[in-house]
Amino acid sequence: MCPYGTHVVHTYFIYNNCVIKIPMHRQNIEGDDYMPLVTTKEMFKKAYHGGYAIGAFNVNNMEIVQGIVNAAKEENAPVILQVSAGARKYANPIYLKKLVDAAVEDTGLPIVLHLDHGPDFETCKACVDDGFTSVMIDGSKYSFEENVRLTKQVVDYAHERGVVVEGELGKLAGVEDAVHVSAADATYTNPEQAAEFVKRTGVDSLAIAIGTSHGAYKFTGEPKLDFDRLQRISELIPEFPIVLHGASSVPQDFVKKCNEYGGNIPGAQGVPEEMLRKAATMAVCKINMDTDLRLAMTSSIREHFAKHPEEFDPRKYLGDARKEIQLMVQHKIKDVLGCSNRI
């Protein structure tokens, strides 16, 4: 096992006229001017006992990365930058990795680079080898036994290389990137199975289903999360970090602005922020947010185009979007996650 506070660099050698690249973990020793990516182990331990959660924000391009880390720096907060399978296809993994490396070097913040919803062992392995410090293997679409087997396979590979693993048990409804689950197929996490799953796989954190869902349309009626189920899971797995996916609150100001300036997002509704704050005081140590970032960015760009139809400089409208993301993430860190000044 590699210690907390390591990152992956590579060494190269020539074999049979081929260049071979080998990943090597490097410690952040005293005097080293490079602040490495970190894992979630120490973050989650502090969050669990401190009654707060760490924000896990999906990144797709430079402006999103900058908006998030600028907010974290202003709030002196740890942060998780996560990359989905869709983001890897869109931006090319090496570009996203370099953007996150730049964020670490620029801010000096404790930043985790996490794979969100890894669909298979091969994807998780590739991210571990590329220097991610945390990966999620999503085996929730399989049977319990197959989910255990697949998750254990990823855990064994990742732990040998100092990388932490998030698993998932239960199915969240909704659509986000490669995740497509109908409401009829959604299932809440069974507490007893959760305890067995953690014991048999050795995962470092567990994403559960208690009523959140992916995308902008989370509830058709009154929003409700099953806090009793969360409490039971935390009793069966004491001091174990729980993760909430699909936890964007879908700010109505952003929805209104999108619709006002030519969008068509009727009836979008997210998880009330007070519910997320309550979850963060329980066993939830990581709260995922993606839709809120998309809405902040899109509403800002739509407004910019409407008010400045002559504008065609991407730096102008993307600059506005970056600032909107920063302000939104600062609010989440301070008022929802409760992790300001937790470094």
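1. A194 lies in helix α7 of this predicted model. Its relative accessibility is 0%, so A194 counts as buried. Leaving out residues up to four places away in sequence, A194 touches L169, T189, L206, I233 and I237. A207 is 13 residues from A194 in sequence, and the two C-alpha atoms are 9.7 Å apart in space.

2. Helix α6 itself runs over residues 144-159, which is 16 residues. From its first C-alpha to its last, α6 reaches 22 Å, close to the 22 Å expected at 1.5 Å a residue.

3. Which residues of α6 are buried? They are F144, N147, V148, L150, T151, V154, V155, Y157, A158 and H159. As a general point, an α-helix has 3.6 residues a turn, so residues three or four places apart point the same way. The buried set in α6 includes N147, L150 and V154, and the reader may wish to view these along the helix.

4. The protein chain as a whole has 12 helices and 12 strands. Of its 343 residues, 57% are buried. Among contacts with a separation of 6 or more, 73% are between residues 24 or more positions apart.

5. The largest nonpolar core holds 100 residues, and I68, I111 and V135 touch the most other members. Helix α12 gives the most to this core, with 9 residues. In soluble globular proteins, nonpolar side chains tend to be buried together. For I111, the contacts beyond four places in sequence are L37, V38, M43, V69, V79, L81, V100, A103 and V104.

6. Helix α12 also contains Q326. Is this residue buried or exposed? Q326 has a relative accessible area of 9%, and therefore counts as buried, the cut-off for that class being under 20%. Apart from neighbours within four places in sequence, Q326 is in contact with G67, N70, A71 and E74.

7. Helix α12 packs against α11 (residues 291-307) at an angle of about 140°, and the two axes are 8 Å apart. The crossing of α11 past α12 is right-handed. On the α11 side the contact involves D292, L293, A296, M297, S300, I301, H304 and F305. On the α12 side it involves K316, Y317, L318, D320, A321, E324, I325, M328, V329 and K332.

8. Helix α11 has a further packing partner in α9 (residues 252-260): their axes come within 8 Å and cross at roughly 40°. Here α9 passes α11 in a left-handed crossing. The contact is made by F254, V255, K257 and C258 of α9, together with D292, L295, A296, T298, S299, S300, R302 and E303 of α11. D292, A296 and S300 are listed in this contact, and they are also listed in the contact with α12.

9. How many disulfides does a search of the whole structure find? The search finds 0. For C127, the closest cysteine sulfur is that of C124, and at 6.9 Å it is too far for a bond, because a disulfide needs the two sulfur atoms within 2.5 Å. C127 has a relative accessibility of 1% and so counts as buried.

10. Phi of N92 is near 75°, a positive value in a residue other than glycine. N92 sits in the loop between α3 (85-91) and α4 (93-107), and with a relative accessible area of 36% it is partly exposed. Phi of N341 is near 55°, again positive in a residue other than glycine. N341 belongs to the segment after α12 (314-337), and its relative accessible area of 57% makes it exposed.

Technical notes:
Residues numbered from 1 in each chain as written. Predicted model: local features only at pLDDT ≥ 70, side-chain atom pairs only at ≥ 80, totals over all residues. Heavy atoms only, no water. Helix = DSSP H or I, 4+ residues; strand = E, 2+ residues; numbered from the N terminus. Buried < 20%, exposed > 50% of the residue type's maximum accessible area, 1.4 Å probe, protein only. Expected span 1.5 Å × (residues − 1). Core = buried A, V, L, I, M, F, W, Y, C linked by side-chain atoms within 4.5 Å. Contact = heavy atoms within 4.5 Å. Axes fitted to C-alpha atoms, helices over the stretch in contact; angles between N-to-C directions. Left-handed = near helix turned anticlockwise from the far one by under 90°.
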